[in-house]
Amino acid sequence: MSDAPILVPDAGLEVVDPVAAPAHVPAVVLGWVEAGAFDEAQRAAFKKARAMVRSALRAELPGFAWSFPYVRRRDLGVGVLAVEPVDLLDAGVTERRLAGWDFAFVVTASDLHARFRPFTLATPSQALDTAALSIARLDPAVRDTDMTDEERTERLAHRIAALALHSFGHLNGLDHETRPEAVMYPPKAPSDLDASSLAFTSENQIEIRQEVADVADPRMEEESIFETLSAPAFALKAVVLNWADIADTVLQIRPWRFPFQLSKLTTAAFSTLVVLVMTAEAWDLGTRQPWWLIIALSAVAIVGTSGYLVRKQGLLARRHGHARTEQQVVQAVSILLALALGMLTTYGLLFGTTLVLRTLFFDPAILDGWSASLGRPVGPDEVLVFAGFVAALGLGVGALGGSFEDQTYFRHVAYVDEET
Ligand SMILES: [Zn+2]
């Protein structure tokens, strides 16, 4: 089967040509990818939903030249019970890059493979500016068999649009709300989407407008003043110009949950900790190290393990050609920073656990006996140095364990902001 996207001209959507738009109106492109097979009713509802999203965004966020191209990819998610969200996100990123879209929504009729909840309707990824949506559970006819075809299409379209706008909110860093009619109300069941007003609140609109204005700015690679920069200078400039975006993306990834979701990494790290804390030689060796060496070792451990896992788990987007883009730099820096923060969290947990174990089980007599070559009683400073020593080694072994995590799972943890 061919990988090439199948472009389908959509008579129902008038596409605003970004070039033809007035110069002062920034163009924003939100691309739709129809992934896999849809039946007639689903396709009709999907088309209606796209029109609803289009009119909602144009009405609520005027001041941008919105366009909504649509691509069909029959080859995606075929022959599986539940499609992997990261596979759809990857496909969305590819389409987005090839066509220069700002956001991509990949919609499938298959179920999405949820990792942390019984099921998921959508998986937005702010780091990739892409969301995967599933309409498999949205069909209202499964509960209410009396409804007419028109009612069914209408309700299904409303649910798809509500889910798409909710995901769009996440891609722009919005938080959840508790009002059931709010777009950002987290749906617990597909029927919760029926209550959505399909309208962002005015606070939502202000937040989205700022984000989208950033996105709609001309990209660095499109501006001639940046053409002469070397690769590192280009990357540095991109980071300086986009630091707020990077910080926001890292927050959406919530890297502090990594140690709790990457069980192989955490198991390896904590096994190492237990062995080291219970070994006299480890205390003897650890407590006599100078503090600066432990700080340097810790820094190397955090940076080294982040870089190792990013590489080993294939977290950075595979490049097509050598064209450098601002988006790629921002994505790479965000994911590296998120991994580093995840590793820092693991390091902190190891450090704290060592101190707790020391307080619970070790009295001065044992510690002084176990650290005989230190030549003096073990004080609080030596305990901190030892905790740093254990945490750095534990993190190193943890990263080796982390490299055995399933790549799809690791990417899911790193990229998917929430299982909606
Ligand atoms: Zn949500």
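Trainee: How far apart do the C-alpha centres of domain 1 and domain 2 lie?

Mentor: The C-alpha centres of the two domains lie 36 Å apart, with domain 1 covering 6-216 and domain 2 covering 231-415, bounds that come from an automatic or database domain assignment. This is a predicted model, in which local features need pLDDT of at least 70 and side-chain atom pairs count only at pLDDT 80 or more, while totals for chains, interfaces and linings use all residues. Residues are numbered from 1 along each chain as its sequence is written, and side-chain values use heavy atoms, with hydrogens and water left out.

Trainee: Okay, and which side chains meet in a salt bridge?

Mentor: Asp-90 and Arg-411 do, at 2.6 Å from N to O, and one salt bridge is the count between the domains (a side-chain nitrogen of Lys or Arg within 4 Å of a carboxyl oxygen of Asp or Glu).

Trainee: Switching topic, what coordinates the zinc ion?

Mentor: His-166, His-170 and His-176, each through NE2, and Glu-418 through OE atoms coordinate the zinc ion at 1.9 to 2.7 Å. Donors here are N, O and S atoms within 2.8 Å of the metal (3.2 Å for Na, K and Ca), and water is not among the atoms, so sites may look incomplete.

Trainee: Is His-166 buried or exposed?

Mentor: His-166 is buried, at a relative accessible area of 0%, whereas His-176 is partly exposed at 37%; buried means under 20%, exposed over 50%, and partly exposed in between, using a 1.4 Å probe and protein chains only.
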